[in-house]
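Subject: Structure handover

Hello,

Here is the structure for you to work with. My notes follow below it.

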Amino acid sequence: MAQIGASVPATPKKVSTLSKRKVQTTIFILLALGPSYCGYLLFTLYPNILSAYYSLLEWNGITDPKFVWFDNYKYLFQDEYVWRALGHNLILMVTVPILTIIPSIFLAYLLNVKGYKESPLYKVIYFLPNVLAVIVIALMWSFIYDGSNGLLNAILNLFGIDNNDFYWLGSKKTAIWALLPPLIWGGVGFYVVIFMNAMKSIPPSLYEAAILDGASHMTRLRKITIPLINPIVRISTLFLVLGVFKGFEIMLIMTNGGPAGSTEVIGLYMFNMAFGKSSHNYGYASAIGMFLFVVLVIAKLLIDRLSSKDHAEF
Amino acid sequence: MNHSPKKLMAGMLAIVLMFTLLVGCSGGNNNTPAENKGNTGEKGNGGNSGNGGNAAEGEVYPENGLSKTEKITIKWGYWENGYGRAWMDHAVEKFTEKYPNVTFDITSSPVIRDLISTKMAAKNDDDMFDIISPSFNGDEGTIAQKAGLFEDMSDLWERDVPDAPGLKLKDAVLDNTMEYAQKIDGKFYQIPMGAYALGLFYDKAFFKEKGWNENPKNYDEFLALMETIKNDGIAPITYPGVYATYINFAFLIKQFELADKAGNIEQYTKDFRQGINMYSAPEVKEYWTRMYEMGKKGYFVEGAAALNHTQSQMQLLQHKAALASTGDWVENEMKDAIPEGFEWGFMAIPFVDVTQNKVWVENGIGAGSLMIWKNKPENVKKWAKEFALFLMTNDIQAVNGENGISPIRKDFAENEANLAKLQAAPKAVLEYVKNNNGQFATGVRDVAFASPDAAKATKMIEELIIEVTAGKKDPLPVLEEADKLMKKVLESEK
């Protein structure tokens, strides 16, 4: 009995300690997650849910909205401007990630393996465009492409190529391609830094062994570096593809979708439908936004499925 | 008590969703005027009034009966455009000097219209500016006026202008001002305070140096001028293709000139204002066809599609193009870049065959006009109207003129000495109209369409401009296609 009696007061104390710990854990979780969680729900999820609702309306933001069910979606599938814009998106989705990732890997490898004294400086130089505002990048490249005073034509003139003050952004044939350099230039530095850090985690012994076996730089890059940083490359590609698909700031500033719609992407079309000079159709713009969301999810799933998940371990 | 992370998350989600629902539903439609919340309507002694301006006798301004002691703050959403803000600062300074109980809380931005649209969609009257200007125009402005979101200011026409007792505003302004100013369902939601003109601006000194015809009297002479300029290795006309509708500044009004010539101007104007036959009227087809012909001959600058409006206007200043399609604010807007010796000149394209016909010039009556948000306290609205009227005094008109806004007070604009004080670009417009049997008219419509079909038609037309001015696309098939869409829109609006 005494033994039992002695053990009785011990149980509530243990329970109380456990309960206190749980309360503390709960408070900690709430404090740690609560603010950002609230922010996410309020500023991301809630507007997105509202947008889904707006997509069922005919609404100009001023007069009372009219519920039109799925009319906006029906119109969207018949709207040739949507498909034209998606075509431009496709061009950029294919070219920009490839032309950003490949040079980034090469540059990162070079800076990492060669161990130049100036490597940190190069890293900063490559990263510089990422600290510039998009508007600065867009305006700078607009000046580069200017027909009469542009840097590009001036360089061509230096080499004796006179293109008669050609406006690179003024022709339907060249405008979309002229958007690639600012898009790529603005991204390479960022991925160089990411890949450099990923490459730093590869044990040097692997390279040493390869060098003893007589492997060239290209072989080391293909057989050691890329397989070992493959997950990082994959996620970078995903970010780039999704970013390029959603983004339209460069086009808005440099061409506003012109000439004659030849650089219009889906995000810009959506923006102009809602906030354009002659269109204020929030309902239709929201339907395009919802469509964009579905396309992005499909793109993500496709990239996940199609990209190689193999990666070597060390 | 089991606090599993899953349950915790679910709980948090429920709480936050309830909170967001509350936030989302709390804005609501305020159909009653917003109450004074500290910024407006306080008596000098600190008490709240919001009483519509009633005050004891002797404490009111005799000219308008408004209280001298009631503190009023007017929130102004100001669009800082090509005319700058100097005229606005001057007007505010003079008004508050005269009425010290009134102050202004000004938010000034080149993109103020984006902010206003968002505030409109939020439908929060407290948060909305009391007055917005200049001219929150375009389709969105028309829709908002039609929806009754702004105060009817028609009564101001019957008021005396402050610096000329006995002279009613309607009699003080230039002829046709009331006719040109935008009306929605017969009501004026903005009272004009100035005018702007659109067309082709050039450097007189450069024209003289080249020996080009500064005053083509008919269409053939104009085409001959274009050819001469082109042969001299200069681009005849520049415009900003990034915002391609700038080309309309030179062409849109020409449909009225053609209708006038055909003796059909009255009906044509009515149809135009209601958006009827927007793309199918013969006059519209004709001006597009002429633009196309000019495009084929290479009379528009190459690469226009890549130019924003600053780049386009720089081409004019640098003599890379002879004429720029723009507005008379160009001088004020480019004042820091105008080279020495540049002399502003203006011309419209004479679509007429014989010199006796009128040459039509587009002007906008209403540059800088104020619009007053309807759901605001009565006293604030009354003071806002007083301010709108104050802008019509000659002192204010004179300073506005110095900043590029053409005065519209008859006794000011018709006085040669006053005209001499204007900026050179607006002065060049007036000179052109005087010497060329010019006819001012406005391209403002009284309707706006928000359906996707209407947006699509507009987009088709805007994209067409680049191709037509490059001489690469016949506009007629596209006009027909756009017309079909607009017919559908008009049908659905019936």
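Gln423(B) counts as buried because its relative accessibility is 11% (buried means under 20% relative accessible area, exposed over 50%, partly exposed in between, with a 1.4 Å probe and protein chains only). This is a predicted model: local features need pLDDT of at least 70, side-chain atom pairs count only at pLDDT 80 or more, and totals for chains, interfaces and linings use all residues. Residues are numbered from 1 along each chain as its sequence is written, chains are lettered from A and ligands numbered from 1 in the order in which they are written, and side-chain values use heavy atoms, with hydrogens and water left out.

Back to Gln423(B). It sits in the loop between helix 18 (416-419) and helix 19 (424-435) of chain B. Helices (H or I, at least four residues) and strands (E, at least two) are DSSP runs, numbered from the N terminus. Beyond four places in sequence, Gln423(B) is in contact (heavy atoms within 4.5 Å) with Glu331(B), Asn332(B), Gly401(B), Glu402(B), Asn403(B) and Gly404(B). Asp474(B) is 51 residues from Gln423(B) in sequence, and their C-alpha atoms are 39 Å apart.

Chain B overall: 21 helices and 10 strands. Of its 494 residues, 56% are buried. Take the contacts in chain B between residues at least 6 apart in sequence: 76% join residues at least 24 apart.

Now the sheet. Chain B has an open sheet of 4 strands, in the order 2-1-3-9, with mixed pairing. Its edges are strand 2 and strand 9 (371-372), each pairing on one side only. Two strands pair if DSSP finds at least two bridges between them. Strand 1 (residues 72-79) and strand 2 (residues 102-109) of chain B run parallel, joined by 8 bridges. The chain gets from strand 1 to strand 2 through helix 2 (residues 86-98) of chain B, a right-handed β-α-β crossover. Right-handed means that, with the strands pointing away from the viewer, the path from the first strand over the helix to the second runs clockwise. Lys75(B) has Asp105(B) in strand 2 as its bridge partner. Strand 1 also runs parallel to strand 3 (residues 131-133) of chain B, with 3 bridges. There, Gly77(B) is partnered by Ile132(B).

Next, the interface. 46 residues of chain B are in contact with 47 residues of chain A. The two chains bury about 4100 Å² between them, 62% of it on carbon and sulfur atoms. Buried area is the accessible area (1.4 Å probe) that two parts lose on being put together, summed over both. The rule finds 4 salt bridges across this interface (a side-chain nitrogen of Lys or Arg within 4 Å of a carboxyl oxygen of Asp or Glu). Arg84(A) forms a salt bridge with Glu463(B), and their closest N and O atoms are 2.6 Å apart.

Ser142(A) in helix 6 (residues 134-145) of chain A is in contact with Gln311(B), as well as with Leu169(A) and Met254(A), leaving aside neighbours within four places in sequence. At 12% relative accessibility, Ser142(A) counts as buried.

Trp168(A) lies in the loop between helix 7 (151-158) and helix 8 (175-178) of chain A.

Best regards
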